[in-house]
Amino acid sequence: MPQRLSEGIQVSVSPPTQFFSLLTAVCIVFIVFSVVRIAQAADFSCPRTPPSVQIRVHFEKPRPRYNNLLSREKIEAMMPRKEVGAHSVGLTKSELYWKVSTSFTTTSRVGREEACVYLSHLTLDYGFGTTPVFIDRRYTPGSCPYKTILQHENDHVAILDREGRAIQNWLKQKLSAIAASLPPTPSRAPKVTQKQLLARIEQQTNPLFTTLKDRLASGHARLDAPQNLEQTQKQCSKW
């Protein structure tokens with residue numbers, strides 16, 4: 001029977017939802033509300049040139065943690081899907097997290113019910129952190145199959161790192177554009193206005209998350225293409 005080396009990931013969001021695909025991701029969006037009362041002004045109109053929004057984008061690279069203690073059956077049980085007639089002898093189980101944080105400034109006005117609300121910080125933290133890599137325990141370290149599986153799974157880890165880094169500057173540009181699209185807003189209910197602005201930010205950042213997932217899925221699919229797996233399998237005479 002052919003042996004299959006593959007990359008597998010789990011996807012969960014809140015509320016938990018399972019997606020059966022080669023790409024696994026955990027999307028967590030944390031919203032941080034911060035209302036800061038600053039110096040009062042006599043004029044109600046919102047400032048035409050508010051302080052610049054602080055944009056921060058941070059990527060956490062995958063840190064592989066190798067495990068050579070599980071059987072083939074247990075490795076296959078962790079996979080979201082399995083091809084008939086194929087066996088999985090290696091697995092990279094990655095979780096992509098995505099955290100958007102914001103803070104707003106509310107400017108109060110003397111003798112007025114209205115206030116001015118504007119975005120002051122927009123932060124995106126995303127990446128992988130600890131990434132378990134499993135290799136069938138029947139293959140001992142140093143053997144040809146072990147080294148071949150290890151290289152294949154390390155290639156999956158490299159895809160996580162490469163795609164995550166490649167998109168970082170693009171993400172920062174997109175966040176800057178999102179911030180620029182949210183001008184200071186006069187409001188009689190600042191907290192309600194903040195929630196409305198947050199909804200707009202989430203609506204505009206969700207497609208960015210999808211873009212990254214698609215890039216990762218394409219990279220893993222190319223690596224696991226049948227012709228590539230066939231060449232990988234030919235590197236060892238006994239499996």
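Which residues have the most contacts inside the largest nonpolar core?

1. **The model.** This is a predicted model, in which local features need pLDDT of at least 70, side-chain atom pairs count only at pLDDT 80 or more, and totals for chains, interfaces and linings use all residues. Residues are numbered from 1 along each chain as its sequence is written, and side-chain values use heavy atoms, with hydrogens and water left out.

2. **The overall plan.** The protein has five helices and six strands. Both are DSSP runs numbered from the N terminus: helices are H or I, at least four residues, and strands are E, at least two. Along the sequence the order is β-β-α-β-β-β-α-α-β-α-α. Of its 239 residues, 44% count as buried. Buried means under 20% relative accessible area, exposed over 50%, and partly exposed in between (1.4 Å probe, protein chains only). Contact means heavy atoms within 4.5 Å. Among contacts with a separation of 6 or more, 81% join residues 24 or more positions apart.

3. **The largest core.** W98, L122, L124, Y126, L171, L175 and I201 have the most contacts inside the largest nonpolar core, which has 29 residues. Such a core is a set of buried Ala, Val, Leu, Ile, Met, Phe, Trp, Tyr and Cys residues joined through side-chain atoms within 4.5 Å. At least two of its residues come from each of β2 (54-67), β4 (97-108), β5 (115-135), α2 (144-166), α3 (168-180) and α4 (190-223). Helix α4 gives the largest share, eight residues.

4. Take L124 and set aside its neighbours within four places in sequence. L124 then touches R56, V57, H58, W98, K99, V100, L171 and L175. Another core lies apart from the largest one. This other core has five residues, including I135, Y139, Y146 and I149.

5. **α3 against α4.** Two packed helices are described by the angle between their axes and the distance between the axes. Axes are lines fitted to C-alpha atoms, for helices over the stretch in contact, and angles run from 0 to 180 degrees between N-to-C directions. For α3 and α4 the angle is about 165° and the axes are 11 Å apart. The two are therefore roughly antiparallel. Angles under 35 degrees count as roughly parallel, over 145 as roughly antiparallel, 65 to 115 as roughly perpendicular and the rest as oblique. W170, L171, K174, L175 and I178 of α3 make the contact with I201, Q204, T205, L208 and T211 of α4. These residues divide into six nonpolar, three polar and one charged. Here Ala, Val, Leu, Ile, Met, Phe, Trp, Tyr, Cys and Pro count as nonpolar, Asp, Glu, Lys and Arg as charged, and the others, Gly among them, as polar.

6. **α2 against α4.** How are α2 and α4 packed? Their angle is about 150°, with the axes 10 Å apart. This pair is therefore roughly antiparallel. From α2, the residues H152, D155, H156, I159, L160, E163, G164 and A166 meet L212, R215, L216, G219, H220 and L223 in α4. The contact divides into six nonpolar, five polar and three charged residues.

7. **Two buried residues.** F209 is found in helix α4. F209 is buried, with a relative accessible area of 6%. F209 and L96 are 113 residues apart in sequence, yet 9.8 Å apart in space, C-alpha to C-alpha. E76 lies in helix α1 (residues 72-77). E76 is buried too, at a relative accessible area of 15%. E76 and L91 are 15 residues apart in sequence and 8.4 Å apart in space, C-alpha to C-alpha.
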